[in-house]
Amino acid sequence: MSRIAGVLNTLGEQGRKALIPYITAGDPHPDQTVDLMHTLAAAGADIIELGVPFSDPMADGPVIQLACERALKHGTSLRQVIAMVRAFREADQHTPVVLMGYLNPMEAMGFEAFADAAADAGVDGILTVDLPPEEADDVAPLFTARQMDPIFLLAPTTMDERIRAISEHSSGYVYYVSIKGVTGSASIDVEEVARKVANVHRITALPVGVGFGIRDAETAAAVGKVSDGVIVGSVLVDTIARHQSDPARLQQALTDLLSPMREALDGLAS
């Protein structure tokens, strides 16, 4: 069983929902990323999604695009991101880490070399935004052979047959994108999410994490009622941007955002 499956199984047995924050590696500076990961874990993160900065993040809105620019300005590379996970593992062997990014940096490194390095560093899952499962037959097995979960995206427009196909290629969890558009682009329609996630649950036994549009404890709790976990990204990355010149204040601001979400989600179990 992967570290991700173990955490999600335990949460499910407890009737609790997963809190999955996203930050971009190297933002605001590579030297701060590992400390920020520990801050997220201390504030209640069950799984951390760590974005690999890329020059053309097509699925992301302006907030995460700017985060990629800040990270790349400091020369953050895929190998450095993997090294950050290795450093995080020196003090945290429990919290799963998912690398989220685009195909090009992995292809440039070499898929097998990337898979070896990521697994050795303690990465638990890989979410490649622009790698559809139909084209992943040569790549996903490299991850699963090393106990890393390949994670794929589901959109509001994804048809049942494709949901089934994506689920067959996935492990750990599936990531349901709650809105049509890029990250940070719209408000979430919880009733629509509830209908869509219920249908996904009908098709697959995998846990369903919902991302895009979760900004505070209220929306986290609303989405947590109808899913297995909430994925929080743009609001955290925007906070990093606003406090990038003050590392201590930044860590506190992230805690102030995430801790109420953790409390709200845990309140659903009572």
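Predicted model: local features only at pLDDT ≥ 70, side-chain atom pairs only at ≥ 80, totals over all residues.
Let's start with the pocket. The largest pocket has a volume of about 280 Å³. Its lining is made up of 17 residues, and those nearest the centre are Val 129, Leu 153, Leu 154, Ala 155 and Val 177. By class, 13 of the lining residues are nonpolar, 3 are polar and 1 is charged. As for where the lining comes from, strand β6 (153–154) and helix α8 (160–169) each contribute at least two residues.

Now for the rings. Searching the whole structure turns up 3 aromatic pairs, and I'd like to show you two of them.

Here is Phe 54 with Tyr 102, a stacked pair at 5.3 Å centre to centre, with 25 degrees between the planes. What does this pair tie together? Phe 54 sits in the loop between β2 (48–51) and α3 (62–73), while Tyr 102 sits in the loop between β3 (97–101) and α5 (103–109), so the contact links parts that are 48 residues apart in sequence. Phe 54 is buried at 14% relative accessibility, and Tyr 102 is buried too, at 4%.

Next come Tyr 175 and Phe 212. Their ring centres are 6.2 Å apart and their planes stand at 90 degrees, so this pair counts as edge-to-face. Tyr 175 belongs to strand β7 (residues 174–177) and Phe 212 to the loop between β8 (208–211) and α10 (217–224), so the pair joins parts 37 residues apart in sequence. Tyr 175 is buried, with a relative accessible area of 4%, and Phe 212 is buried at 10%.

How values were computed: Residues numbered from 1 in each chain as written. Heavy atoms only, no water. 1 Å grid on protein atoms, 1.4 Å probe; cavity = no way out; pocket = protein on both sides within 12 Å on 5 of 7 lines; lining within 4 Å. Points joined across faces, edges and corners; volume = space filled by probe spheres on them. Helix = DSSP H or I, 4+ residues; strand = E, 2+ residues; numbered from the N terminus. Nonpolar A, V, L, I, M, F, W, Y, C, P; charged D, E, K, R; others polar. Phe/Tyr/Trp six-rings, centres within 6.5 Å; stacked < 30°, edge-to-face > 60°. Buried < 20%, exposed > 50% of the residue type's maximum accessible area, 1.4 Å probe, protein only.
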